[in-house]
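Work through the exercises below with the model open. Try each task before reading its solution.

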Amino acid sequence: MLHIILMILKIIGIILLSVLSLILLAILLVLFVPARYKIRASWHSKAAAKVKMTWLLHIISVSIEYTDGELKKAIKIF
């Protein structure tokens, strides 16, 4: 009877440790992986700007472009 209770506690402990390690990994990724960005803007006859930001080796990419009074946005994952 006691060995069954200990086995159940062992399985619960392994599951909790796995979940906590995944949460810790996600927090460390957010804190230590840098976000890269590139901004280009010009004002010759009309205003034009382009902003591109990538994070986590281009897994998440966001680009915003403003030309001729029109704003284009794109978010890409993978």
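**Exercise 1: strand pairing**

Trp-55 stands opposite Ile-60 in E3. The model is predicted: local features need pLDDT of at least 70, side-chain atom pairs count only at pLDDT 80 or more, and totals for chains, interfaces and linings use all residues. Residues are numbered from 1 along each chain as its sequence is written, and side-chain values use heavy atoms, with hydrogens and water left out.

Task: find how E2 and E3 pair, and name another facing pair.

Solution. Start with the terms. Strands are DSSP runs (E, at least two residues), numbered from the N terminus. Two strands pair if DSSP finds at least two bridges between them. Now apply them. E2 covers residues 47–55 and E3 covers residues 60–67. Eight bridges link the two in the antiparallel sense. Met-53 faces Val-62 in E3. Then check the turn: the hairpin of E2 and E3 has four residues between the strands, and Leu-56 there takes a positive phi near 60 degrees.

**Exercise 2: charges**

Which residues form the positive patch on the surface?

Solution. Patch residues have over 30% relative accessible area and no salt bridge, with like charges joined within 9 Å. Areas come from the Shrake-Rupley method with a 1.4 Å probe. Lys and Arg count as positive, placed at NZ of Lys and CZ of Arg. The members are Lys-38, Arg-40, Lys-50, Lys-52 and Lys-76. E1 and E2 each give two or more residues. Arg-40 is found in E1. Lys-38 has Lys-52 in E2 as its bridge partner.

**Exercise 3: the salt bridge**

Solution. The criterion is a Lys or Arg side-chain nitrogen within 4 Å of an Asp or Glu carboxyl oxygen. The search finds one. Asp-68 pairs with Lys-46, the closest N and O atoms being 3.8 Å apart. Asp-68 lies in the E3–E4 loop and Lys-46 in the E1–E2 loop, so the pair ties together parts 22 residues apart in sequence.

Key: Patches are made of residues with over 30% relative accessible area and no salt bridge: like charges are joined within 9 Å, nonpolar side chains (Val, Leu, Ile, Met, Phe, Trp, Tyr) within 5 Å.
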